[in-house]
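Please look through the sequence and the model that follow before reading further.

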Amino acid sequence: RARKMGLEIESLKKAIVESHWPKLDMLMAGIPGVTLDDKRRALRQFLRGVKGGMVVQVIVHLGLDTPELRAIMPRSYPSRVNEYKLVTDNETRKLIEELGFQLIGWREIKKAIMR
C-alpha cells in the first residue's frame, strides 16, 4: 500500500529503526481461541513471555452480548464477548499486577515521542 502511494519503503524503514521513538517489542494482534478459558490461557502464556522494559501491544476485540452484536457477527460474537470478559476479569488484572506491567496507551507513547 505504501509503495502504491509512492513512498520509499527502504528509507522509511531505516528512519524508523534509527529514530529515538519507542517501538513495539511484541505484538499480540488478537487473543487466540474462542472460549474464555482458551483466551485466558493464551493471554497468560503471552504475558509470561514478556521481559522487563519491553513495549507490548495486545489488540483486543471487545463486545457485549447483545442482540445487535449477535446480528452483526453471528458466528464470531462469542469470541468478542469472551475477550471483554477476559480484560475486565479480576484474575487478569491480578496477573498483570503480579507480573509488574505498567499499562499505558497511545497517548503516553505520543508524549514519549514528543519529548
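A residue is called buried under 20% relative accessible area, exposed over 50%, and partly exposed in between, with a 1.4 Å probe and protein chains only as cover. Because its relative accessibility is 28%, A112 counts as partly exposed. A112 is found in helix 6, which spans residues 106-114. Helices here are DSSP runs of H or I with at least four residues, strands are runs of E with at least two, and both are numbered from the N terminus. A112 stands 65 residues from L47 in sequence, and their C-alpha atoms are 23 Å apart in space.

Some remarks on the basis of the values belong here. The model is predicted, so local features need pLDDT of at least 70 and side-chain atom pairs count only at pLDDT 80 or more, while totals for chains, interfaces and linings use all residues. Residues are numbered from 1 along each chain as its sequence is written, and side-chain values use heavy atoms, with hydrogens and water left out.

The next topic is charge. Side chains of opposite charge can pair when their charged atoms come close. A salt bridge is counted when a side-chain nitrogen of Lys or Arg lies within 4 Å of a carboxyl oxygen of Asp or Glu. The structure holds eight salt bridges. One of them joins R40 to D37, with 3.5 Å between the closest N and O atoms. Both partners belong to helix 2 and sit three residues apart, about one turn of the helix. R40 counts as buried because its relative accessibility is 15%, whereas D37, at 47%, counts as partly exposed.

Other salt bridges link separate helices. In the pair formed by K39 and E83, the closest N and O atoms are 2.7 Å apart. K39 lies in helix 2 and E83 in helix 4, so this pair ties together parts that are 44 residues apart in sequence. Both K39 and E83 are buried. A further salt bridge connects R44 with E91, where the closest N and O atoms are 3.3 Å apart. Here the partners come from helix 2 and helix 5, so the pair ties together parts that are 47 residues apart in sequence. R44 is partly exposed because its relative accessible area is 22%, and E91 is partly exposed with 43%. Through shared partners, salt bridges join D37, R40, R44, D89 and E91 into one network.

Which residues line the largest cavity? The term needs explaining before the answer. On a 1 Å grid over the protein atoms alone, a cavity is a set of points where a 1.4 Å probe fits but cannot get out; a pocket is an open set with protein on both sides within 12 Å along at least five of seven lines; and lining residues have an atom within 4 Å of a point. Points are joined across faces, edges and corners, and a volume is the space filled by probe spheres set on them. The structure holds one cavity of 30 Å³ or more, and the volume of the largest cavity is about 40 Å³. Its lining consists of R40, L43, R44, L47, L86, T92 and L95. Helix 2 (36-48) and helix 5 (90-98) each give two or more residues to this lining, and helix 2 gives the most, with four. By type, the lining has four nonpolar, one polar and two charged residues. In this count, Ala, Val, Leu, Ile, Met, Phe, Trp, Tyr, Cys and Pro are nonpolar, Asp, Glu, Lys and Arg are charged, and the others, Gly among them, are polar.

Helix 2, strand 2 (56-58), helix 5 and helix 6 each supply two or more lining residues, and helix 6 gives the most, with four. The lining divides into 20 nonpolar, seven polar and four charged residues.
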